Amino acid sequence: MLQGREILLATMHRKEFAIKQAMEETFGCKIVVPKNYDTDQFGTFCGEKERFMSAKKMVVHKAKVAMEQFSYELGMATEGSFGPHPLMPFAALHEELLSFVDVSNQVEIVVIKRTNKTNYAMAEFSYKQSFDDFLSTYLFPSHAIIVREMATNQVIAKGIQTRTDLEMAVEKAFKISKKIRLETDMRAMFNPTRMQIIQDLTLDLIKRIQSICAKCNTYGFGEMQVAGNLPCSSCHSDTQLFKNIIEKCIRCDYQVIKPRADNLYQADPSYCHYCNP
Ligand SMILES: [Zn+2]
Ligand SMILES: [Zn+2]
């Protein structure tokens, strides 16, 4: 199906390192990365532009825009975002999406990973204040740092990977501002933890491409949806926790209902509206 065919990977930040090998070895296809392709038109990590669509739509849109621009029938794109974890205090959440689009077969697959395994962090510092703890906690220098001055909120330097470069950028920032901010650089080529997540996601995508719908033979079977409510283990009323995972065909109505991945069939009463109002 993909044997000998070219797939356009609309990406920058050298994310192809995480994607190319597994795709090519599995399918005998060729992953092509456009030269000097600017995905900044879709928004970047440094807050310079706001994103304007849901991440899932965006990651398909990104692939399609590039496929049109470079005349490809097959395309892929990635989309990552980082923020505070909605459920775990003091933890960060990394959401990464990978899309695959096959226009001639009308196949659009999006795989998503959400994880708290990320070094995403930022902290403000005043002059002479030590930032050594920040650096060691957030994996510098294997993971790069961004320096920002807080007076006008400008990035002084990004992709910093050495102590010398860091100190130069910090000094420059303090000439402009009394406070500076250090941020982890989340671009994949500067962040091995993120690169690993993209690699894992590629394996998820490969599984999806290999899954064929039992009813209509469309490939890409297994779009996930959650359904139902787990009963409370004490009073048996519905809780907010979902009960099942539904794997769906991307084309027809065929679906398979499965238990939760954690095999939970009852919810702790702490999730129950009645037992723990
Ligand atoms: Zn209950
Ligand atoms: Zn189907």
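**First stop: Asn217**

Select Asn217: with a relative accessibility of 60%, it counts as exposed. Buried here means under 20% relative accessible area, exposed means over 50%, and partly exposed is in between, using a 1.4 Å probe and protein chains only. Asn217 sits in the loop between H5 and S10. Helices (H or I, at least four residues) and strands (E, at least two) are DSSP runs, numbered from the N terminus. Check the backbone too: phi of Asn217 is near 70°, a positive value in a residue other than glycine. Most residues other than glycine have a negative phi, and most peptide bonds are trans.

A word on ground rules before moving on. This is a predicted model, in which local features need pLDDT of at least 70 and side-chain atom pairs count only at pLDDT 80 or more, while totals for chains, interfaces and linings use all residues. Residues are numbered from 1 along each chain as its sequence is written, chains are lettered from A and ligands numbered from 1 in the order in which they are written, and side-chain values use heavy atoms, leaving out hydrogens and water.

**The five-stranded sheet**

Now switch to cartoon view. Five strands make an open sheet with mixed pairing, in the order S2-S1-S3-S4-S5. Two strands count as paired if DSSP finds at least two bridges between them. At the edges are S2 (30-32) and S5 (107-115), each pairing on one side only. From one strand to the next, the twist averages 20°. Axes are lines fitted to C-alpha atoms, for helices over the stretch in contact, and angles run from 0 to 180 degrees between N-to-C directions.

Zoom in on S1 (residues 6-10) and S3 (residues 74-84): they run parallel and are joined by three bridges. Pick Leu9, and you'll find its bridge partner in S3 is Met76.

Next, bring up the helices packed on this sheet. H2 (residues 55-70) lies across S1, S3, S4 (92-102) and S5, at about 145° to S3. H5 (residues 192-210) lies across S3, S4 and S5, at about 140° to S5.

Still in strand S3, select Glu79. Is Glu79 buried or exposed? Glu79 is buried, with a relative accessible area of 3%.

**Into the core**

Color the nonpolar residues. The largest nonpolar core has 24 residues, and those with the most contacts inside it are Ile7, Met23, Met76, Phe100, Leu205 and Ile209. Such a core is a set of buried Ala, Val, Leu, Ile, Met, Phe, Trp, Tyr and Cys residues joined through side-chain atoms within 4.5 Å. The elements giving two or more residues to this core are S1, H1 (16-27), S3, S4, S5 and H5. H5 gives the most, with six residues.

Center on Leu205. Not counting residues up to four places away in sequence, Leu205 touches Met23, Met76, Leu98, Phe100, Ile109 and Val111; contact means heavy atoms within 4.5 Å. Apart from that core lies another, of 17 residues, among them Phe140, Leu166, Phe174 and Leu182.

**A cis bond**

Stay with Phe140. The peptide bond joining Phe140 and Pro141 is cis, with omega about 10°. Pro141 lies in the loop between H3 (132-137) and S7 (145-149).

**The three-stranded sheet**

Move on to S10, S11 and S12, an open sheet in that order with antiparallel pairing. Its edge strands are S10 (223-227) and S12 (255-259), each pairing on one side only. S10 and S11 (residues 244-248) pair over five bridges, and Glu223 stands opposite Lys248 in S11.

**Both ends of the chain**

Select Met1, in the segment before S1. Met1 is exposed, with a relative accessible area of 51%. Leaving aside neighbours within four places in sequence, Met1 is in contact with Ile209 and Tyr219.

Finish with Asn263, in the segment after S12. Asn263 has a positive phi of about 60° although it is not a glycine, and at 58% relative accessibility it counts as exposed.
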